[in-house]
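Biologist: I have a new model open on my screen. Can you walk me through it?
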Amino acid sequence: MSLLSTSLSFHFPVFSLVSFTKEGEMMSDHMKDLEEPSNKRVKPVAKSNSLTGVIPQVKTPALKRIGMSISRSISFRTEARPLPPAPLRNRTKASSFPRRRNSQCWSDTVESHDLTAKEIKRQEVIYELTQGERQLIEDLSLVKKVYYEPMLKLDILTESELGQIFGTLDSLIPLHEDLLSRLERLRGSEKTVGEVGPTLRDWFPCLGAYITYCCNQVGAKALLDQKKQEKKVEEFLRLCQESSFSRKLDLWNFLDLPRSRLVKYPLLLKEIQKCTPPEHPDEDTLPEALEVIQDVVAEVNKKTGEAECQFYRRGLHYLEESQRLPEIQQSRFLYCHGELKNNKGQRLHVFLFELALVLTRPADSSHLFNVYRQPLPNALLNLEEIPDGEASGGGSFRGAFTGGNDKVKNCFRVSSRGRSKAHPYSLQANDSFSKQQWITCLRQAIVQSRDRTAQTSFHLEPALRHIADLNLSSDTEMADHTSR
């Protein structure tokens with residue numbers, strides 16, 4: 001499907017050497033040269049009283065307030081947008097999110113300006129775009145210096161393993177350095193940016209490099225999770241995350257930063273468009289730039305979805321040959337996947353592919369799954385929501401999950417039409433939020449699969465309609481109908 005699909009997984013969807021301090025521990029010589037970036041905002045020197053008659057006192061605070069609100073609104077609306085599909089997750093409490101950088105606004109960089117409120121907002125968004133590039137470059141350079149290089153030097157992971165986990169991340173740094181350089185050249189002596197559309201329109205095609213990086217992320221996440229089971233890897237990554245430079249982010253958070261940045265560009269461009277007045281030079285070029293970046297995101301989305309689908313298809317182990325449905329191999333993407341319980345209380349990992357629903361049990365090897373029972377084609381699926389408190393057919397959820405006292409919750413049932421081997425499956429999600437996600441994805445998969453089947457039948461019917469009425473009494477008659 002897509003990086004922006006309704007599926008909700010991994011999330012899925014970046015690299016240098018350290019021994020870290022923990023209370024009284026000594027930091028290694030490798031880290032003594034690493035300076036922690038300062039996030040403190042520096043207060044400007046107080047203005048002389050002689051300037052109060054020249055610059056209205058209320059103007060600069062007003063600029064700052066507008067700038068801060070723009071910066072916050074963009075950041076909060078865009079950070080959580082996922083690209084690739086991933087396992088369905090429970091909602092996370094806000095308090096568990098990593099600590100954010102202190103952000104500076106465009107208003108903080110100017111003394112005063114004769115700009116309208118709309119133009120001030122425009123400058124704030126462009127500044128947010130520029131600062132985002134600078135912060136991404138800093139983070140990618142940091143992770144290379146703090147994770148990749150020391151893990152290689154200390155032989156925590158092999159060069160081949162690091163190559164799989166970090167992918168082409170190193171090549172993304174000069175890419176974003178180029179955009180940052182272009183944006184900084186646009187800033188005039190008064191620290192304002194006039195026309196930004198042509199620069200973005202011309203640079204966005206460079207983001208095609210993200211296809212390779214994002215497609216690699218599916219396997220990278222799987223390998224990283226597997227290597228975390230090793231003590232030396234787990235300890236190294238834990239010490240990194242506990243150190244101040246990480247801002248409480250783990251390695252995967254850093255590796256996922258480019259993907260998060262990619263989906264933010266269209267939103268930033270739309271914000272700039274809203275603040276661009278008519279007859280501005282950017283009036284025509286910003287829509288062109290937006291179309292380019294949306295095409296790039298869509299292509300990255302498509303290719304990443306295909307890569308994820310292939311990755312999990314390869315991990316399926318069929319216990320019976322009859323389980324190898326052609327619909328599984330024909331699927332190009334995943335709607336979603338994640339853990340559910342059956343009515344016996346067994347934990348299953350369920351994959352909702354484009355054309356088939358597959359229930360599995362994790363195998364002994366990491367990221368391999370034994371197919372459980374018979375997969376179901378989406379076009380033949382029936383979906384039934386089980387009200388909280390009801391027992392399921394084919395077994396009792398109450399006995400499996402609650403000891404017979406409490407009501408059963410968050411359950412639904414899937415079955416298949418016309419398949420004698422496919423029994424109904426009653427499944428339980430972790431919570432009501434996860435259940436609703438599954439039901440939404442299942443309904444979408446069913447509708448789209450049936451539409452696909454109907455379209456296929458419609459296209460075949462004109463060419464084959466004469467065969468349905470064919471009288472097979474002689475080879476001559478058949479040839480005659482076929483020729484017509």
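Biologist: Which residues in H3 meet which residues in H5?
Modeller: This is a predicted model, where local features need pLDDT of at least 70, side-chain atom pairs count only at pLDDT 80 or more, and totals for chains, interfaces and linings use all residues. Residues are numbered from 1 along each chain as its sequence is written, and side-chain values use heavy atoms, with hydrogens and water left out. On the H3 side, the residues are Leu129, Thr130, Glu133, Arg134, Leu136, Ile137, Leu140, Ser141, Val143 and Lys144. They meet Leu169, Asp170, Leu172, Ile173, His176, Glu177, Leu179, Leu180, Leu183 and Glu184 in H5. Contact means heavy atoms within 4.5 Å.
Biologist: At what angle do H3 and H5 pack?
Modeller: About 150°, with the axes of H3 (residues 117-153) and H5 (residues 169-186) 9 Å apart. Therefore H3 is roughly antiparallel to H5. Angles under 35 degrees count as roughly parallel, over 145 as roughly antiparallel, 65 to 115 as roughly perpendicular and the rest as oblique. Axes are lines fitted to C-alpha atoms, for helices over the stretch in contact, and angles run from 0 to 180 degrees between N-to-C directions.
Biologist: How many helices and strands does the protein chain have?
Modeller: It has 16 helices and nine strands. Both are DSSP runs, numbered from the N terminus: helices are H or I, at least four residues, and strands are E, at least two.
Biologist: New topic. Is Thr199 buried or exposed?
Modeller: Thr199 is buried, because its relative accessible area is 13%. Buried means under 20%, exposed over 50%, partly exposed in between (1.4 Å probe, protein chains only). Thr199 lies in helix H6 (residues 197-203).
Biologist: What is Thr199 in contact with?
Modeller: Arg182 and Leu186, leaving aside neighbours within four places in sequence.
Biologist: And where is Glu306 found?
Modeller: In helix H12 (residues 282-314). Glu306 counts as partly exposed because its relative accessibility is 26%. Its C-alpha atom is 5.2 Å from that of Phe333, 27 residues apart along the chain.
Biologist: How much of the protein chain counts as buried?
Modeller: 45% of its 484 residues.
Biologist: What is the mean pLDDT of the protein chain?
Modeller: The mean is 76, and 66% of the residues reach 70 or more. pLDDT is the predictor's confidence in each residue, from 0 to 100. Over residues 1-8 the pLDDT is below 50, yet this stretch has 41 contacts in the model beyond near neighbours in sequence. Residues 392-401 are also below 50, with 35 such contacts. Where pLDDT is low, the predicted coordinates should not be read in detail.
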